[in-house]
Amino acid sequence: MKPRALVVDDDSALAEMLGIVLRNDGFEPAFVADGSKAVQVFRETKPDIILLDLMLPGLSGIDVCRAIRAESGTPIIMLTAKGDTTDIVLGLESGADDYIVKPFKPKELVARMRARLRHHEDVLGETLVIGPGESPVSIDVAAHQVVRDAKAIALTPLEFDLLVALARKPRQVFTREVLLEQVWGYRHAADTRLVNVHVQRLRSKVERDPERPEVVLTVRGVGYKAGPA
Amino acid sequence: MTVVEPGPAASTGSGVQPDSGSDPDPEAVPDWWDRHPVVLRLRSVTGAVTGAITGAWRRSLQVRVGSTTAVVSFVVVLLIGVFIVDQVAGGILRAKRDAAVSQAELGLVSATSVLANVDAGVVADVADAQQQITSTLTASGKSAGLFSIAIESAPSGSTEKSSGPVIPEGLRELVRSGNLAVQYAPVLPSADAQHTVAGLIVGEPVQARTGVFELYYLFPLTAEQQTIQLLRRTVWLAGIGLVLLIVGISLLVTRQVVRPVRVAARTAGKIAAGDLSQRIPVRGTDDLARLGRSFNEMAGSLQRQIRRLEDLSRLQRRFTSDVSHELRTPLTTIRMASELLLNYREEFPAELARSVELLHTELDRFEALLGDLLEISRYDAGAAKLESDTADLRGVINSAVQAHDVLAGRQGSEIVINQPNHAVTLDMDTRRVERILRNLLGNALDHGEGRPIIITVGEDENAVAVTVRDTGVGLRPGEAGLVFNRFWRGDTSRSRLTGGTGLGLAISLEDARLHDGWLQAWGVRGHGAQFRLTLPRHAGHTLISSPLPLTPLDEDEEHA
């Protein structure tokens with residue numbers, strides 16, 4: 001089955017062109033131009049991935065991102081015309097998984113989308129356990145389930161991938177660059193803020209006190225690693 | 001004291017130099033004097049005090065006016081006071097003297113009648129006569145005040161009169177020669193007094209049957225002296241009060257003038273520092289108020305002008321930024337379309353295929369130009385921020401060289417890197433520094449005419465420098481300053497190989513400036529060009545010099 005992509009962009013020419021490119025690359029695109037209708041169309045089409053322009057009439061891209069993230073972990077890639085730092089960070093913090101700056105090369109866009117849709121070569125019955133002994137976090141990789149203190153934690157696919165990447169090698173320290181490559185699929189150095197923002201989001205869900213993390217630890221000057229099991 | 005001399009003064013620490021007699025110049029300050037700790041401390045203390053006073057004198061108009069007024073008014077009041085005291089004291093003493101003389105003249109008649117029959121030789125008779133004269137004259141004494149009387153007989157009764165008041169010999173000489181004479185001399189205020197006081201003695205000869213007696217009136221001047229004392233004190237107090245009053249008034253007046261001036265100075269300082277909304281509070285309609293109003297008007301018009309210019313340039317910057325942004329969406333569409341076309345170019349006829357290729361490469365250029373425009377508009381808006389990190393410059397150079405590998409191969413230019421074997425670390429925004437180096441390299445390859453390009457790294461304690469040298473076309477005189485201008489083209493007829501945007505060096509210069517660094521160019525027609533980037537090793541430090549010369553060493557002799 002072809003993966004469905006929802007394109008939220010008010011520029012009709014760009015949306016049409018995106019449609020051509022996506023169809024060429026084996027996606028099934030759906031379109032919405034108005035920000036205020038984006039969430040409704042999202043519910044109707046149930047896409048596998050969303051391409052979201054930040055500058056939208058009606059509801060802004062940031063708000064759309066927040067609204068969708070509130071009800072679903074569907075991967076969101078922001079299309080931004082601004083290279084400005086604040087916009088990107090704001091977009092990532094509101095729940096976007098990745099961003100791509102206009103004008104982008106279609107190949108690059110498709111590569112990013114594929115990276116977000118890639119499924120892990122799931123090992124049957126693989127369960128990973130990390131975190132402090134008295135309150136461990138157990139990850140059922142095949143079932144995409146994370147449980148801590150007998151409570152299921154809802155993670156977006158990206159957050160799940162990030163946690164699994166760290167949990168599979170609990171003693172290894174991952175640099176941001178390595179995480180960008182493993183989780184986001186970047187080939188060469190990119191914006192390490194992507195990692196920082198998502199680690200914060202992940203911590204806010206799995207940590208008991210995000211200010212004093214026990215599950216995802218920061219290794220100063222190097223990167224991150226999973227807390228001791 | 002680290003140096004100890006064998007001299008007795010230095011070893012004992014006494015402040016007195018023993019006179020050995022060997023010193024030919026007694027005026028010369030001995031050497032040890034300059035190094036004596038007490039002398040040194042005293043000098044430093046007096047130096048500090050003098051420094052503080054001269055500092056206050058220079059800084060404060062109020063101090064200057066106040067002290068000048070104090071000195072001048074003190075001198076004037078002193079002169080007036082001395083003059084007044086002198087005049088009044090003279091007048092009092094003159095009046096006393098006149099009264100004393102008239103008293104003596106008045107008493108002459110009765111004294112003559114009493115002494116007429118007294119024999120100068122009989123001591124008891126003389127004493128009787130003195131008592132009688134004293135009582136008579138004292139009773140008649142009026143304006144001249146208290147006095148006592150002494151009688152001497154000629155020629156000299158000094159031996160038997162030793163217990164009486166001492167009459168100065170000069171006065172006696174005058175009286176003996178038959179004159180009425182006056183002299184100021186110390187007298188005893190009363191018979192049982194222990195100490196003499198200032199006094200006035202009037203003497204006159206009295207003709208008796210047996211000879212001439214000398215009659216002396218002794219006036220103590222205690223009352224007069226007290227009056228003069230009181231006067232002096234009063235004048236002193238009044239004078240000091242007057243000086244203080246004048247100084248106070250002068251301070252008050254200068255304060256009234258100085259305060260608005262100080263407020264104006266402070267306000268002007270704040271305006272100069274960028275707070276254009278600062279104004280001077282104006283009250284009244286006097287000269288200072290007028291000054292304040294003019295100042296405020298000036299500040300207001302300045303503020304309006306600057307606001308207008310700011311708005312204008314903000315508008316312009318916004319425009320550049322907006323245009324760059326707005327162009328991006330259609331550019332994305334065009335780019336996607338061109339990629340799509342490019343993928344099918346094998347199926348197109350040759351001309352169409354080439355057109356698609358051209359469209360594609362020119363889109364790259366267009367995109368680079370747009371990116372550079374956006375970057376420079378970010379600089380113009382002051383929105384560029386340094387993301388500084390400590391890193392090894394060699395890694396940055398290597399990645400910049402790698403980025404131009406293909407172009408260098410195409411040009412046939414070899415890139416030679418002269419850099420130390422150890423890490424050259426400094427605080428820098430690696431993205432920006434790499435961009436500078438990429439631009440310099442691209443520029444060198446563009447104009448290097450296929451000859452080698454030499455990159456040299458130099459460092460010292462405070463700074464790190466990189467030079468990029470080519471031996472291509474070089475620069476005409478005066479062009480070294482123009483290369484950093486936006487869209488400046490050295491030679492309009494030359495074809496461009498790297499497809500540079502014309503903004504590369506301008507952005508590089510801004511990048512260097514953002515690091516508080518330098519980016520400079522050297523070039524001679526036919527000898528190539530050299531660009532030197534100098535960066536402070538630590539963020540925030542100011543560069544003083546560069547570890548590498550701007551002019552290449554091999555060109556030094558010819559084009560110094």
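Reply: The strands themselves are DSSP runs of E, at least two residues long, while helices are runs of H or I with at least four, and both are numbered from the N terminus. This is a predicted model, in which local features need pLDDT of at least 70 and side-chain atom pairs count only at pLDDT 80 or more, while totals for chains, interfaces and linings use all residues. Residues are numbered from 1 along each chain as its sequence is written, with chains lettered from A and ligands numbered from 1 in the order in which they are written.

In chain A, three strands make an open, antiparallel sheet, ordered β10-β12-β11. The edges are β10 (174-175) and β11 (216-219) of chain A, and each has a single partner strand, so one side of each has no neighbour in the sheet.

What packs on it? Helix α6 (residues 157-168) of chain A lies across β10, β11 and β12 of chain A, at about 75° to β12(A). That angle is between N-to-C directions, on a scale from 0 to 180 degrees, with axes fitted to C-alpha atoms and, for helices, over the stretch in contact. Contact here means C-beta atoms, placed from the backbone, within 7 Å of each other.

Stepping back to the whole chain, chain A has eight helices and 12 strands. Of the contacts in chain A between residues at least 6 apart in sequence, 53% join residues at least 24 apart. Buried residues account for 39% of its 229 residues; a residue is buried with 20 or more other C-beta atoms within 10 Å of its own, exposed with 12 or fewer, and partly exposed in between. A:Arg66, in helix α3 (residues 61-71) of chain A, has 16 C-beta neighbours inside 10 Å and therefore counts as partly exposed. Leaving aside residues up to four places away in sequence, A:Arg66 touches A:Ser94 and A:Gly95. A:Glu93 is 27 residues from A:Arg66 in sequence, with 9.0 Å between their C-alpha atoms.

Over to the other chain, and another open sheet. Here five strands run in the order β6-β8-β9-β11-β10 (chain B), with mixed pairing. At the edges are β6 (415-418) and β10 (518-524) of chain B, each pairing on one side only. Neighbouring strands in this sheet are turned by 15° on average against each other, ignoring direction. Seven bridges join β10(B) to β11 (residues 528-536) of chain B in the antiparallel sense, with B:Leu519 standing opposite B:Leu533 in β11(B). Helix α12 (residues 430-447) of chain B packs on the sheet, where it touches β8, β9, β10 and β11 of chain B and points at about 20° to β9(B). Helix α10 (residues 393-403) of chain B lies across β6, β8 (453-459) and β9 (463-470) of chain B, at about 180° to β6(B).

Strand β2 (residues 181-187) of chain B is joined to β3 (residues 197-207) of chain B by seven bridges, one of them putting B:Tyr184 with B:Leu200. Nine bridges then link β3(B) to β4 (residues 212-220) of chain B, and there B:Glu204 has B:Leu215 as its bridge partner.

Next comes helix α7 (residues 222-272) of chain B: its 51 residues should span 75 Å at 1.5 Å a residue, and its end C-alpha atoms sit 72 Å apart, which agrees. (The expected span is 1.5 Å times one less than the number of residues.) α7(B) bends by about 25° at B:Gln256, with the proline B:Pro260 following within four residues; the bend is the angle between axes fitted to the seven residues ending there and the seven starting there. Its buried residues are B:Gly239, B:Val243, B:Val247 and B:Pro260, and they pack against α4 (61-115) and α8 of chain B. After the helix comes B:Gly274, with a positive phi near 115°.

Finally, the two chains meet through 14 residues from chain B and 14 from chain A. On the chain B side, α8 (287-343) and α9 (350-380) each supply at least two residues, and α8(B) gives the most, with 12.

Definitions and conventions: Two strands pair if DSSP finds at least two bridges between them.
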